[in-house]
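Please look through the structure below.

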Amino acid sequence: MAKAQQPKLDTLSLVTMGLLMALQLVISRFSIGNTFIKVSFTFLIVALLAKWFGPWWGMMTAAVVDVIGTLMTGGPYFVGFTLSAILGSLIYALFLYKQPVTWVRIILASVIIAVVVNALLNTLWVTIMYQTPFWSLLPVRVLKQLIVTPIQVVLVYLLLKSRVIQTIQERLNR
């Protein structure tokens, strides 16, 4: 029986992945909006890592960045959010890794992440951590996803279709 193996990384890929992880940690400290709709742009780095390096490396980097990010902020660690980060990266990878960048792929990935990860799972994790009622939080979080997801779709599409990103990807694939 063959074992599933992670793809090996060359030096350029390893350095690129490390830089993207560092960038994700920096970007996570900045957000736009108020307490109701707060948007961070870390999803762009998650999508990029998933597109370039696939599910294995994407999920591993998502887990590492989540744990390091929590340690850096001094906030409470909860494994559920790490699982959400891993699942979000996996979903992006399933739709984007070694696939052409299309509106349909990005919309499907983003909607699945918005519903399953952000609205349902993350609401459940907040409910467990802070003993808040799930059904009173859910409508507010769904409304946020209805507002934020279309913006995320457009930004991911524009990023992945940019000439600079495509040039870097070609260099990584050599």
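Trp125 has a relative accessible area of 13%, so Trp125 is buried, the limit being under 20%. Trp125 sits in helix α4.

The chain has 6 aromatic pairs by the ring-centre rule. In one of them, the rings of Phe78 and Phe81 have centres 6.0 Å apart. Their planes meet at 70°, over the 60 degrees needed, so this pair is edge-to-face. Phe78 also pairs with Trp125. Here the centres are 5.8 Å apart and the planes stand at 55°, a tilted arrangement.

The Phe78–Trp125 pair links distant parts of the chain. Phe78 belongs to the loop between α2 (42–73) and α3, and 47 residues separate Phe78 from Trp125. Is Phe81 buried, partly exposed or exposed? Phe81 has 26% relative accessibility, so Phe81 counts as partly exposed.

Helix α4 covers residues 103–130 and holds Thr123. Thr127 is in helix α4 too. Thr123 is at 0% relative accessibility and therefore counts as buried. Thr127 is at 14%, which also means buried, because the limit is under 20%.

What does the side chain of Thr123 find in the backbone? One of its polar atoms lies 2.3 Å from the backbone oxygen of Ala119. Setting aside residues up to four places away in sequence, Thr123 touches Asn118, Phe134, Leu137, Leu138 and Arg141. With neighbours within four places left out, Thr127 contacts Thr132, Pro133, Phe134 and Leu137. Helix α5 spans 134–161.

## Loops on either side of α4

Lys98 is in the loop between α3 and α4. Its phi is near 55°, a positive value in a residue other than glycine. Lys98 is exposed, because its relative accessibility is 66% and the cut-off is over 50%.

Gln131 lies in the loop between α4 and α5. Gln131 is not a glycine, yet its phi is positive, at about 50°. Is Gln131 buried or exposed? At a relative accessible area of 65%, Gln131 is exposed.

## The whole chain

The chain has 6 helices and 2 strands. Along the sequence they run α-β-β-α-α-α-α-α. The C-alpha atoms fill a box of roughly 50 × 40 × 30 Å along the principal axes. The radius of gyration is 16 Å, and a compact globule of 174 residues would be near 16 Å, so the two agree.

Of the 174 residues, 40% count as buried. Among contacts with a separation of 6 or more, 67% come from residues 24 or more positions apart. The chain exposes about 10000 Å². Carbon and sulfur atoms supply 72% of that area.

## Confidence

The average pLDDT of the chain is 93, and 95% of the residues score at least 70. Where is confidence lowest, and where is it highest? Strand β2 (residues 38–39) is lowest, at a mean of 80. Helix α3 (residues 79–96) is highest, at 98. Where pLDDT is low, the predicted coordinates should not be read in detail.

Conventions
Residues are numbered from 1 along each chain as its sequence is written. Side-chain values use heavy atoms; hydrogens and water are left out. pLDDT is the predictor's confidence in each residue, from 0 to 100. Helices (H or I, at least four residues) and strands (E, at least two) are DSSP runs, numbered from the N terminus. Buried means under 20% relative accessible area, exposed over 50%, partly exposed in between (1.4 Å probe, protein chains only). A polar contact is a pair of N or O atoms within 3.5 Å; within protein, one must be able to donate a hydrogen and the other to accept it, and residues adjacent in sequence count only if both atoms are side-chain atoms. Contact means heavy atoms within 4.5 Å. The radius of gyration is taken over C-alpha atoms; the globule rule is 2.2 Å times the number of residues to the power 0.38. Accessible areas come from the Shrake-Rupley method with a 1.4 Å probe; for residues, only the protein chains shown count as cover. Rings of Phe, Tyr and Trp (its six-membered ring) pair if their centres lie within 6.5 Å; planes under 30 degrees apart count as stacked, over 60 as edge-to-face and the rest as tilted.
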